[in-house]
Amino acid sequence: MTTTPTAQAVPLPAPHSSGCPFAPPPAYTEAAATGPMTRADLPDGSSCWLATGYAEVRTVLSDRRFSADVRHPAFPLLVPGSRETLVTDNPSFLRLDDPEHARQRRMVTGDFLVKRVAALRPDIQRIVDEALDRMTEGRTEADLVTEFALPVPSLVICLLLGVPYEDRDRFQFLSRTLLSRESTMEQLKAARDEVLEYLRTLAARKREQPEDDILSRLAVRDDLTLDEIASTGVLLLIAGHETTANMISLSTALLLEQPEQIARLADPAALPGAVEELLRLLTIVHTGLPRVALEDVELGGVTVRAGEGVIAMVSTANRDEEVFGGPDRRPTDELDLERDARRHMAFGFGVHQCLGQPLARAELQIALETLFRRLPGLRLAVTQGEREFRTESFIYGMRSLPVTW
Ligand code: HEM
């Protein structure tokens, strides 16, 4: 078993190419072509592993010998020096291992179950329709990101959490800061403190006057501290709108390039599968999912030593020809809304697999079907080259998407 693969170390995070804006950075796909495990260099000068193969990514995300605990001294960080700002006494459960992770996740699982989300569909449909009414009233052109892709998931998660939507500008700004690799340490720390304080105050208020929302349900429990509630609240607030918002805008931009595929969204039987294919191809966490090995693990022809970091690159795993290809299919780096994409890992895999995936699926299905049904003449209002992508964020996406109809 070798520990030194021949391929060159990949610098993390790698830049996006000036070619296809929907593709992950070429350095990751090139690494995947040389083998499933490659060495990578982190911005602070330390190194870690990059897992790019489908089977290896699955193992990293589901094998308990890999930890998601951000407090581990070797946890790989893409923002140099961010350990002090990210490592608090109360990391959200996204960055904790079981049993602590499971204890905190269990408290919100019920709110995101498939049947709970199914009951929310009429609310989501109303929110989508109202956003489109506002966007189109007396106009023939708008920025789809600010007028549709962002407000829809933002309104939905505010409704679920019980966060006043009037405060959205502030927390959208704060979550952008927290998700940007270009934020300075001071900006990260200030944004983290402000959003935590905001949710602590709100949770304290709901403890006194509970309503029918997630924050209230957490606030009235006596086995959670206000700090724990605040960090779960931040996780849900950020995960709940930035991810889905960017999926809506990227999916729209991609579908406008391939209008012949849009008709599939109108078929209720085909819509869920079409959304899975968009999730697979776009896999918006372009920077990968970080973990650290707790023991030596033999993986993909190398030995990952205890205490070494690993980045699980879901975007390359989701393009594996063996899993998603097949003789009659388009290549896996191309959109094919008829593909069976259900085994994708755009929502991660294992115990940390996305809690909000039933909600994200419902939002994407309703938003995309309604958008193209109500605006059949939807097209770009700028040239393809003028579209602006959000490359600096941990969640890949679009800054703006000017459209007309
Ligand atoms: C298309 C939209 C979304 C995508 C692509 C996405 C993707 C992901 C991924 C890849 C993970 C795993 C992270 C890891 O293993 O390190 C994750 C976790 C998580 N997501 Fe999502 N997500 C989306 C929408 C949502 C929504 C709407 C919510 C709801 C509030 C949400 C809440 C969460 C939470 C709470 C976790 C942490 C789960 C845990 O650690 O047990 N996500 N998401």
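How do the residues of the shell around the ligand divide into nonpolar, polar and charged? They divide into 17 nonpolar, seven polar and three charged; Ala, Val, Leu, Ile, Met, Phe, Trp, Tyr, Cys and Pro count as nonpolar, Asp, Glu, Lys and Arg as charged, and the others, Gly among them, as polar.

This is a predicted model, in which local features need pLDDT of at least 70 and side-chain atom pairs count only at pLDDT 80 or more, while totals for chains, interfaces and linings use all residues. Residues are numbered from 1 along each chain as its sequence is written, and side-chain values use heavy atoms, with hydrogens and water left out.

**View 1. The shell around the ligand.** The ligand is surrounded by 27 residues (a heavy atom within 4 Å). The closest are His 101, Arg 105, Arg 291, His 352 and Cys 354.

**View 2. Polar side-chain atoms at the ligand.** Oxygen atoms of the ligand lie 2.6 Å from an N or O atom in the side chain of His 101 and 2.7 Å from one in the side chain of Arg 291. For His 352, a polar side-chain atom is 2.6 Å from a ligand oxygen. Helix 4 (100–109), helix 11 (226–257) and strand 6 (289–293) each give two or more residues to the shell; helix 11 gives the most, seven.

**View 3. The largest nonpolar core.** This core has 88 residues (buried Ala, Val, Leu, Ile, Met, Phe, Trp, Tyr and Cys joined through side-chain atoms within 4.5 Å; buried is under 20% relative accessible area, 1.4 Å probe, protein chains only). Helix 11 gives the most to this core, with 14 residues.

Technical notes
Polar contact = N/O pair within 3.5 Å; in protein donor to acceptor, adjacent residues only side chain to side chain. Helix = DSSP H or I, 4+ residues; strand = E, 2+ residues; numbered from the N terminus. Buried < 20%, exposed > 50% of the residue type's maximum accessible area, 1.4 Å probe, protein only.
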